[in-house]
Amino acid sequence: MLSAITSENSQKLNVIPSHTEPLTFDNCDHSKDPIVGCALEGIANMVAGIKDVSIVIHSPQGCASTVAAGYDNHEVDFTKRKVGCTRLFESDIVMGASEKLKGLIKEADQSFKAKVMFVVGTCAADIIGEDIQGLCNSIQPEINAKLVPLLAGGFRGNAYDGLEMGLEALLPFIQKRQKRRGGKKPRIVNIIAPQANVNPTWWADLQWVTQMLKSLRIKVQTVISHGTSFEELEKAGNATANILLSHDVGYKFARKMQETHNIPLILDDIPLPIGVQNTTRWLKALAAHFKIDEKRVEPLINEGENRVVETLRKRALMIIPRYRNCRIAVSADGTMGIGLVRMLFEELEMIPEVLLFRSGMRESRSILERELQSMGISPRVVFSADGYQIKQALADVDTDAVIGSAWEKYMAEELGIKIAFDVFSPTNRETYLDRPYFGYEGMINMMEVVANDWERAFRSKHIHWT
């Protein structure tokens, strides 16, 4: 069912082989205009969500800005960041910098007084051949903080790989669940990887999920990770279920949690709550797992569905027909992209022509496959797409509109595609209020962006006032 766009090296691009005539990408033996950052970005994004830790980066000073971006993503104030950088120079690369790293670890330990210190190696450390694991082991008796070595050079993967590395580094700190006496299993969940999301205000998605859980009397034990204390991380083993808020990362971590702590991953075989139907399905599946009476969840569903219908009926009655049979390209991550397809196709009556995913989505492709089969559609699909491939796909596939980020909006304008929706990160929109894309409210929030961009696309740019 997935009709894939392929390159000269399909294994490298990690696409699904096509039984139809594919689009091809010429001169694509290497990535052009990569969209996804390096592993350091992903590790920083995960570690920055833990409050009581410090980070020492063994790198030139430029890598410090990548770590700073991780803290920016969590909106952590500068005064609360505990980051040190060895600031490697050319002479350090030539002569070695082990002593420099040891000195910074000791200084950071005395200054930050953190319970745990992540010692992160970058590309420069890889080039030198720095034995960060051995160095941390040798110096550990002199350091109060628990040292955790991490190798995050860009040679080791992209930002999604880095998020996986960050999760793996947190796993050993999760304590085993204390044995409970017999009786009803408590409703306690961990929320995993909420930041692996292209919503510019992804923390609003996290808040929506937390509110829904609270409404159903399900306790959130630990968020891994956003604003998480180290004590909360240690107690994550007390949960009775894990909920992954990403279709791009976290499956490996969740499987290990199930093996080591006997905590099952739930809701992992359906799209995330994006659009009306997916939100209803997600809430019903959540209630079914915890054996919650349908009468408890029905008011949430009815209230949400009624809000969407009433809002669109009053304010968008003339807008919805615009989208019918509009051929659209979707450029997003798996987290948003999988759920978005049903919303666009069945709820707005658009026709998804091409799906461009930033990640490889190895574990979640089966969800996408089932969704497309159930809807009876066969869009072209690209995984691990870079900027060059996205632009080529938009040029080669006949579409009326593009939904994506500011990048895709610029590409669309250059290619003569009149309509482009700037919905995802990075966005040019000024965002003052946190707005979820998950849930019923999330659909309305996305519809507002889409409707405004549609209007702007048809406004004249050539009016001459006299």
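Predicted model: local features only at pLDDT ≥ 70, side-chain atom pairs only at ≥ 80, totals over all residues.
**View 1. Four strands form an open sheet with parallel pairing.** The strands follow the order E5-E4-E6-E7, and neighbouring strands are turned against each other by 20° on average when direction is ignored. Strand E5 (83–85) and strand E7 (146–151) stand at the edges, and because each has a single partner strand, one side of each is left without a neighbour in the sheet. Strands of a sheet pair through backbone hydrogen bonds, in either a parallel or an antiparallel way.

**View 2. Strand E6 is joined to strand E7 by six bridges.** Strand E6 covers residues 116–121 and runs parallel to E7.

**View 3. Two helices lie across strands of the sheet.** Helix H5, made of residues 98–112, lies across E4 (53–58), E5, E6 and E7, and runs at about 160° to E4. Helix H7, made of residues 132–139, lies across E6 and E7, and runs at about 175° to E7.

**View 4. Ile 263 is a buried residue in a loop.** The loop that holds Ile 263 lies between helix H11 (251–261) and strand E11 (265–266). Ile 263 counts as buried because its relative accessible area is 0%, where the cut-off for buried is under 20%. Leaving aside neighbours within four places in sequence, Ile 263 is in contact with several residues, among them Arg 177, Asn 190, Ala 236 and Met 257. The C-alpha atoms of Ile 263 and Val 189 are separated by 9.1 Å, although these residues are 74 residues apart along the chain.

Technical notes
Residues numbered from 1 in each chain as written. Heavy atoms only, no water. Pairing = 2+ DSSP bridges. Axes fitted to C-alpha atoms, helices over the stretch in contact; angles between N-to-C directions. Contact = heavy atoms within 4.5 Å. Buried < 20%, exposed > 50% of the residue type's maximum accessible area, 1.4 Å probe, protein only.
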